[in-house]
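Biologist: Before we talk, could you put the model up where both of us can look at it?

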Amino acid sequence: MSKPRLTIDLGALVANWRALDALSARETGAVVKADAYCLGLAPVASALARAGVRQFFVALAHEGAALRDVIRAGPDILVFGGHMAGDTRLIRDHDLTPMLNSAEQMVRHMESLPGHSFGIQLDTGMNRLGMEPGEWAALRDIALAQKPVLIMSHLACSNEPDHAMNSRQLRIFREMTDGIDVPRSLAATGGVLMGREFHFDLTRPGIGLYGGRPFDQAQPVITLDLPVIQTRDVAAGETVGYGNTWTAPRPSRIATVAAGYGDGLHGALASGLMLYAGDTPCPVVGRVSMDLITADVTGLAEMPDHLRVLGARQGIGTLADLAGTIDYEILTALGHRYERIHTT
Ligand SMILES: *Cc1c(COP(=O)(O)O)cnc(C)c1O
């Protein structure tokens, strides 16, 4: 197979969910928005449902509809974006639970789907989604009379446990919800790791399931192997790639592999990135092209068919640091040109 190969270890994914579930005070859901952080909604959600996940979260109703076709009846599918104009049929036909974010969404939901399940999203300071304290104070009696299934909010700084924002948001969430007899959720991956006072009734990890920080104990979930298209010898003084950014300091052997920034391997990775032949790191040289990367394989006794760019030796955290971004963005940038193989 000449395509780059993205392997997703569903066993590791499930082990990560179980580990986060063991840390969580009560129930543990799973966030599978953006095609399960680009790792494949159907196989990821099926594996998690088999492992016991009862609450799945997605960003938008159309993602929820696709998910419902995969997991069928049973687990709840909760939509962070709430009930947006034009989503009513999707929400009804696929039994989705919108997390209502505003008075406008609440009116839309009550009028178009009276009696249909919903939750409430509150803004405790992130200023991104959810009802603000004043709005909630005005609406809460009406909302509670309709029996929401969940009240949630989201932490802005949970990847920094010592950030003062965490306790501030916790306090505001409690002020807005204490005494209400509805299940509550505040913690994503970072919140799970911060301890039980953040867990309430349901946690909703995403990135930790997929092997990303801040869940440092996570098992790596993905490996990415790039087929070698060609190798060549270059003399000392010859250059490699666009812009002549690398000049061979000595006679060198160069391998060209089939992936590039068009596959989510950012141009910024070029300096410091390794391609692994087994345990041997081969430094990337020259610029990353749209579909190609070149590496110095001079030291290799034998040339493998594939070189590994993501795996146990060089994980998504390393790539994120090299590219000056976050683990989430490395995953979601991977795109859809890879052959995806899901193993158990
Ligand atoms: C993406 C998201 C999550 C999951 O966050 P992770 O940091 O990936 O665990 C949870 N809640 C909301 C509202 C989100 O947008």
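**Ligand contacts and helix packing**

Modeller: A polar side-chain atom of Tyr37 lies 2.5 Å from an oxygen atom of the ligand, a polar contact being a pair of N or O atoms within 3.5 Å. This is a predicted model, in which local features need pLDDT of at least 70, side-chain atom pairs count only at pLDDT 80 or more, and totals for chains, interfaces and linings use all residues. Residues are numbered from 1 along each chain as its sequence is written, and side-chain values use heavy atoms, with hydrogens and water left out.

Biologist: How many residues surround the ligand?

Modeller: A residue is counted as near a molecule if one of its heavy atoms lies within 4 Å of it. The closest are Lys33, Tyr37, Thr189, Ile207 and Tyr328, and the number of residues that surround the ligand is 14.

Biologist: What is the phi of Tyr37?

Modeller: Most residues other than glycine have a negative phi. Tyr37 is found in helix 2 (residues 33-38), where helices are DSSP runs of H or I with at least four residues, strands are runs of E with at least two, and both are numbered from the N terminus. Tyr37 has a positive value, with phi near 55°.

Biologist: Which peptide bond is cis?

Modeller: Pro214 lies in the loop between strand 10 (202-203) and strand 11 (222-234). With omega near 15°, the cis peptide bond is the one from Arg213 to Pro214.

Biologist: How are helix 3 and helix 4 oriented to each other?

Modeller: The axes of helix 3 (residues 41-51) and helix 4 (residues 61-71) come within 9 Å and cross at roughly 55°, where axes are lines fitted to C-alpha atoms over the stretch in contact and angles run from 0 to 180 degrees between N-to-C directions. Angles under 35 degrees count as roughly parallel, over 145 as roughly antiparallel, 65 to 115 as roughly perpendicular and the rest as oblique. Helix 3 and helix 4 are therefore oblique.

Biologist: At what angle do helix 1 and helix 3 pack?

Modeller: The axes of helix 1 (residues 10-23) and helix 3 are 10 Å apart. The angle at which these two helices pack is about 50°.

Technical notes: A polar contact is a pair of N or O atoms within 3.5 Å; within protein, one must be able to donate a hydrogen and the other to accept it, and residues adjacent in sequence count only if both atoms are side-chain atoms.
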